Amino acid sequence: MRPARAAVRWRPRARAGMLIGALCGLLGFALAVQVRSTQGSALESARQEDLVRILDDLSAREDRLRGEIADQQSAQAEISSGSNRSGAALQQARKRADELGVLAGTVAVHGPGVVITLREGSQRLTADLLLDALEELRGAGAEAVSFAGDGINGRSPEVRVGASTWFADRGGGVAVDGTSLTAPYKITAIGDGPTITAALNIPGGVNDTVRQAGGSVQAEQRGDVTITSLRPLKRPQYARPVK
Amino acid sequence: MEPQRRAASGLLTEILEQHLDPAYEVAVRRRESDPPSPRELRVGALARSLVVLVIGALLSTAFTRASAEAPEVARTRTALAADAREQAALTDSLHRQAVLLRDRLSAERASALAGSAAGDQAQARLARLEVATGLVPLGGPGLVVTVGDANGPPDPVTGDAPPSAPNDGGKVRDRDIAQIVNALWASGAEAISVDGQRLSPTSTIRAAGEAILVDFRPVSSPYEVRAIGHASRMQAIFADSAVARAFATFVQLYGIRFTVQRASTITVPGAAATRLRFAVSQNGSR
Amino acid sequence: MIAAAALILGLVIGLVLQPTVPLALQPYLPIAVVAALDAVFGGLRANLDGIFDDRVFVISFVSNVLVAAMIVFLGDQLGVGGQLSTGVVVVLGIRIFGNVAAIRRHLFRA
């Protein structure tokens with residue numbers, strides 16, 4: 001039962017066409033904008049203030065890398081120039097080995113820095129806390145660090161920090177690279193004293209956390225501190241150099 | 001079962017063929033039998049105009065909202081993100097250049113030192129220290145630990161699950177990564193890299209707000225931590241560690257992604273060297 | 001036509017006033033747009049077919065938007081929000097296609 005339909009003839013057919021065209025255009029536009037607004041990437045989802053800090057850090061990284069490249073180029077120039085090539089190379093190798101020895105912990109080291117004493121209060125100072133402290137020190141540019149504390153038999157072992165230094169809760173204290181230590185902990189860090197001290201004092205940093213655990217922090221900037229403890233130089237057994 | 005089949009095909013044919021609301025046909029028949037009064041016509045026209053007005057406002061609101069997704073601030077933020085990407089790419093290429101120069105320098109130095117006992121000794125000591133300080137790319141068996149932010153709630157329109165987590169529990173922090181790295185060292189790892197950044201004695205794992213940076217380079221979720229060492233032994237000790245057990249519960253509680261896999265060959269790149277500005281070896285030469 | 005004027009007026013109002021959509025409703029805005037377009041094209045086709053009715057137009061618009069948003073919201077709660085909203089968009093899209101095709105037949109043939 002289809003009623004007879006009188007097809008409506010729109011005199012202003014152009015107007016209807018325009019209207020439909022405009023609607024379709026708007027639909028397409030809205031869709032396109034919608035699609036565009038749902039795309040993104042990892043960095044794009046970061047907040048603006050984070051991006052500013054990321055850019056700061058990246059430019060520090062750039063400076064450091066450019067410095068290294070400059071060092072390499074001048075060292076290259078030293079041993080490329082004719083006369084005492086082997087002598088210059090020997091001197092360079094020894095100097096370089098000394099620097100790397102400081103970083104690897106195989107040579108004793110001294111320089112300006114900070115000596116930090118962490119005393120326990122009501123709560124234990126945990127391995128996580130000491131790990132945080134080390135990360136903060138590294139972030140502040142510490143070049144050599146050592147952890148000391150009370151050990152067994154009345155000794156005070158000192159552990160030199162390297163890349164693979166690890167912390168674990170053990171007994172009433174913390175094991176640093178396997179060596180058991182108990183509070184009070186003495187951390188010696190060689191680097192820029194003011195920067196290190198400031199890093200420890202940031203809200204939520206080591207000072208805050210230790211105080212919240214009922215302990216106390218004492219940080220002393222010094223013009224020259226010495227770290228004599230060493231790390232054994234172990235050749236890796238499973239990792240091999242690759243090109 | 002004729003009526004059933006007709007009903008089922010009716011649904012699909014209705015979707016595919018019946019595009020116009022059947023209420024219009026019904027309304028026409030009703031109007032023929034019971035013509036509307038002028039008042040009803042006026043009200044109808046008013047309602048129709050109002051609805052069209054609302055539709056227009058709806059369309060333009062959707063449009064402005066979609067384009068306002070990127071207001072001035074976000075456009076600046078997009079520019080900043082583009083800057084950060086460029087800068088990261090630049091530092092990566094500088095790193096590659098530094099490694100290349102270092103290799104070339106090592107080779108020249110080795111050739112200049114060859115022949116003399118002192119030279120060989122110095123060269124050997126230097127090579128061992130370069131390995132010990134993470135400057136040399138290494139390969140071997142080990143573990144790959146992948147940890148990632150929990151997925152946020154899915155977008156109701158597109159169904160996508162964005163990786164950013166709205167709640168604190170679902171976000172991986174720099175401390176988490178540092179603790180995982182700590183547990184891997186304790187498990188006997190010989191070399192570790194985080195998202196392609198090798199960890200050296202001075203490597204930093206820090207946070208800039210919500211973003212994590214390793215050695216001042218931003219890294220993003222999911223974070224891949226590679227550790228070279230005795231794979232099965234490391235896996236056993238690592239699985240027993242406090243942080244691994246904590247993360248296993250976080251998977252249930254917050255939806256954090258956490259996997260530990262053994263691999264027979266992993267490679268880690270070399271780190272960038274650090275110049276010493278304060279520390280001096282006791283030998284006196286720096 | 002009054003309807004065209006009303007549409008343009010609505011667009012202008014939306015662009016000028018820039019009403020802030022409440023945060024809870026923002027994810028449902030795109031689906032509401034699609035549902036609204038379905039009602040609009042349905043109305044246009046009914047007009048060309050000669051069977052346009054104001055009441056049906058208004059009610060179909062309101063019910064389309066509400067039902068579409070409700071289905072998506074329900075699916076979101078059940079965890080199948082993406083799939084249900086895809087289904088809604090598919091059905092509405094088919095109807096829009098069909099109505100536009102009928103409108104095209106009217107405009108360019110007869």
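The following exercises, each with a worked solution, concern a predicted model.

Residues are numbered from 1 along each chain as its sequence is written, while chains are lettered from A and ligands numbered from 1 in the order in which they are written. Since the model is predicted, local features need pLDDT of at least 70 and side-chain atom pairs count only at pLDDT 80 or more, whereas totals for chains, interfaces and linings use all residues.

**Exercise 1. Determine how helix 2 of chain C is placed against helix 4 and helix 3 of chain C.**

Step 1. Helices (H or I, at least four residues) and strands (E, at least two) are taken as DSSP runs, numbered from the N terminus. Axes are lines fitted to C-alpha atoms, for helices over the stretch in contact, with angles running from 0 to 180 degrees between N-to-C directions. Angles under 35 degrees count as roughly parallel, over 145 as roughly antiparallel, 65 to 115 as roughly perpendicular and the rest as oblique.

Step 2. For helix 2 and helix 4 of chain C, the axes come within 9 Å and cross at roughly 25 degrees; the two helices are therefore roughly parallel to each other. Their crossing is left-handed, a term used if the near helix is turned anticlockwise from the far one by less than a right angle, with right-handed used if clockwise.

Step 3. Residues are in contact if their C-beta atoms, placed from the backbone, lie within 7 Å. In this pair, residues of helix 2 including C:Phe41 and C:Leu48 meet residues of helix 4 including C:Leu92 and C:His106. The contact divides into 14 nonpolar, 4 polar and 3 charged residues, where Ala, Val, Leu, Ile, Met, Phe, Trp, Tyr, Cys and Pro count as nonpolar, Asp, Glu, Lys and Arg as charged, and the others, Gly among them, as polar.

Step 4. The axes of helix 2 and helix 3 of chain C also come within 9 Å, but cross at roughly 155 degrees, which makes these helices roughly antiparallel. Helix 2 of chain C passes helix 3 of chain C in a right-handed crossing, and the residues of this contact comprise 11 nonpolar, 4 polar and 1 charged.

**Exercise 2. Describe the side of chain C that touches chain B.**

Step 1. In this interface, 47 residues of chain C are in contact with 36 residues of chain B.

Step 2. On the side of chain C, helix 1 (2-17), helix 2 (29-49), helix 3 (54-78) and helix 4 (81-109) each supply at least two residues, and the largest share, 11 residues, comes from helix 1.

Step 3. By class, this side of chain C has 29 nonpolar, 12 polar and 6 charged residues.

**Exercise 3. Identify the residues that touch the most other members of the largest nonpolar core.**

Step 1. A residue is buried if 20 or more other C-beta atoms lie within 10 Å of its own, exposed if 12 or fewer, and partly exposed in between. A nonpolar core is a set of buried Ala, Val, Leu, Ile, Met, Phe, Trp, Tyr and Cys residues joined through C-beta atoms within 7 Å.

Step 2. The largest core holds 119 residues, and A:Leu130, B:Val181 and B:Leu184 touch the most other members. Its largest share, 9 residues, comes from helix 4 (residues 72-113) of chain B.

Step 3. Apart from this core lies another, of 45 residues, among them B:Leu58 and C:Phe57.

Note on methods: Two residues are in contact if their C-beta atoms, placed from the backbone, lie within 7 Å.
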